[in-house]
Protein chains: 2
Amino acid sequence: MVENLEDYLLEKKLIVEKNLKDCVETINAPEELKESMLYSLMAGGKRLRPILLMLSYESYKPKNEKVNSSASALEMIHTYSLIHDDLPAMDDDDIRRGKKTNHKMFDEATAILAGDALLTYSFETITNDFLLSAEEKVKIVQLLAQSSGPSGMVGGQIYDMQAEKEKVNLKELERVHQYKTGELIKFAIIIGAYLAEAPEEDLSYLNEFAYYLGLIFQIQDDILDVTGDAEKIGKPIGSDEINEKSTFPNLLGLDGAIKQKELYIKKARIELEKTSARKEMLNKLIEHFGNRDH
Amino acid sequence: MVENLEDYLLEKKLIVEKNLKDCVETINAPEELKESMLYSLMAGGKRLRPILLMLSYESYKPKNEKVNSSASALEMIHTYSLIHDDLPAMDDDDIRRGKKTNHKMFDEATAILAGDALLTYSFETITNDFLLSAEEKVKIVQLLAQSSGPSGMVGGQIYDMQAEKEKVNLKELERVHQYKTGELIKFAIIIGAYLAEAPEEDLSYLNEFAYYLGLIFQIQDDILDVTGDAEKIGKPIGSDEINEKSTFPNLLGLDGAIKQKELYIKKARIELEKTSARKEMLNKLIEHFGNRDH
């Protein structure tokens, strides 16, 4: 395992992107649909979720191709959620990561269908993987559906829409993020460890660890919206406050949000400490999530 | 097995609807989301796909609860596709089956998310079923994803959109329907037979049978748009011609379409005859699909 986190992230990013491309290019589907799916899949991004899954696996066992289909499926789900989020009826965004959003590049109908196709194909991807046993496939499909469906990410979108309409407290804000992004981060950590046959008792600690990791990621996002460099984060500073979004700094003040982040970091470290995983890279990752500048 | 088709369809419809309700009501998700999912799931419809799955099973073995999760999942997929189809960016329909469409009853964002949630939850439903083995779950999830994803129903939507822009020939029209509705009908027939442990050689005959059954259903839909009773079919007559839609009567003339339907019926019967299934009810179903007046 590469011991420098930056190198590790880059190495895995390339693997993730190659797998995604191979996976979608071979689908027997209308060319226009594949083009639209690939456009958003290949539009960049940090690939943090699939990399997290790989890192979780490698904190127990050496690198293995067994993780690839789950990593691809996870990134497909994330991508579909961005396509649907950007639609006029949702966030109505024209640009993402410096490129036209899917419905601006193609049209709204195609964007809706490309999202549906990626969501559906993510499950097929798991079932097609001949490296996995039937039991493993079922476990992965089940947790992926739970994490991304009505009791996970999609539910989180609804909570988020509600939180935009009325002020929420800290507990409610944590719930929005737990559903909206936390559950998929949990999927990454848990499935990585599960495929690596991590001890049963580790999984519940990892569950807690992933919960705090998700919150660290989100709170830093909110903090960057106040203190960040517009060019580095790729969007104007202060937009959350202008839009009166429920964020940690809006709720706790900037100092309060930074303190809250430190608390989440501490808790994540405590949970990780309880596991038998190799902790070096995961600890670096906590640091990375908490201190990133974009 | 009830031997009268009408009674059979009614008996199964009630079972399907009860299962769907039970299934969704217990999800741990935002109330508003569940309400929107249930609204469209419970908005009526003939439930032909799940009933077909049950009938396929019972053509090999006596009634069994093993089919219930697949039947529910299939109807969830069908319902999500209707919700997304009705959106302003797609068909822009305000009314379906005499009720407001989902985005008219709730709002567009909620409708998109309710569709996403139903699609995702359909896969979870399979994995949660303790009556199925891991191998059975994988087979069902795989075929459901194939039938409904980019190489199935979603791909068919794209072909359909293309067929609206330019005139297609008979082969291309058959392809639209094979993808758009045929693949899910195949799923119903194949998974029913598979769960009933039908002989391997039957499955390829059933595959062909299902292909023609789907076309019979679709061609009769097109014929009813020309000859039907507006009140019975719940939409104005002649709308396909006005909209210059690619339909069998527009392509072949009404007489040609009726002849084509007879050809599909003949071929469906031939394929069915090759199987070892109990054929009485399935033959009645062919008749029912080909001669229904709504």
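Let me begin with B:Leu213, which, leaving aside residues up to four places away in sequence, touches B:Ile185, B:Ala268, B:Ile286 and B:Phe289. Please keep in mind throughout that this is a predicted model. The residue belongs to the largest nonpolar core, a set of 166 residues, and within that core A:Leu213, A:Ile216, B:Leu213 and B:Ile216 are the ones that touch the most other members.

Along the principal axes, the C-alpha atoms of chain A fill a box of roughly 50 × 50 × 35 Å. Of the 294 residues in chain A, 52% are buried, and among the contacts in this chain between residues at least 6 apart in sequence, 70% join residues at least 24 apart.

Now, how are the two chains related? Chain B is superposed on chain A by a rotation of 180° with 0.0 Å of shift along the axis, at an RMSD of 0.0 Å, and that is the relation of a two-fold axis. Which residue of chain B comes closest to the rotation axis? That is B:Ala134, whose C-alpha lies at 2.8 Å from the axis.

Turning to the interface, 42 residues of chain B are in contact with 42 residues of chain A. On the chain B side, α2 (31-41), α6 (108-127), α7 (134-148) and α8 (153-165) each supply at least two residues, and the largest share, twelve residues, comes from α6(B). Sorted by class, the side of chain B that touches chain A has 24 nonpolar, eleven polar and seven charged residues. Of the interface residues of chain B, 100% are also interface residues in chain A, so the copies meet through the same surface.

Helix α8, residues 153-165, has 13 residues and should span 18 Å at 1.5 Å a residue, and its end C-alpha atoms are 19 Å apart, which agrees. Which residues of α8(A) are buried? They are A:Met153, A:Val154, A:Gly155, A:Gly156, A:Gln157, A:Ile158, A:Tyr159 and A:Ala163. These buried residues pack against α4 (68-86), α7 (134-148) and α9 (170-195) of chain A, and also against α2 and α6 of chain B, so that partners from both chains are involved.

Finally, a point about the backbone. Most residues other than glycine have a negative phi. A:Glu197, however, has a phi near 55°, a positive value in a residue other than glycine, and it lies in the loop between α9 and α10 (200-227) of chain A. Is A:Glu197 buried or exposed? A:Glu197 is exposed, with 10 other C-beta atoms within 10 Å, where 12 or fewer is the cut-off for calling a residue exposed. In chain B, B:Glu197 likewise has a positive phi of about 55° although it is not a glycine, and its place is in the loop between α9 (170-195) and α10 (200-227) of that chain. B:Glu197 is exposed as well, with 10 other C-beta atoms within 10 Å.

Definitions and conventions: Residues numbered from 1 in each chain as written. Chains lettered and ligands numbered in written order. Predicted model: local features only at pLDDT ≥ 70, side-chain atom pairs only at ≥ 80, totals over all residues. Contact = placed C-beta atoms within 7 Å. Helix = DSSP H or I, 4+ residues; strand = E, 2+ residues; numbered from the N terminus. Nonpolar A, V, L, I, M, F, W, Y, C, P; charged D, E, K, R; others polar. Core = buried A, V, L, I, M, F, W, Y, C linked by C-beta atoms within 7 Å. Buried ≥ 20, exposed ≤ 12 C-beta atoms within 10 Å, placed from the backbone. Least-squares fit on C-alpha atoms with pLDDT ≥ 70 in both. Expected span 1.5 Å × (residues − 1).
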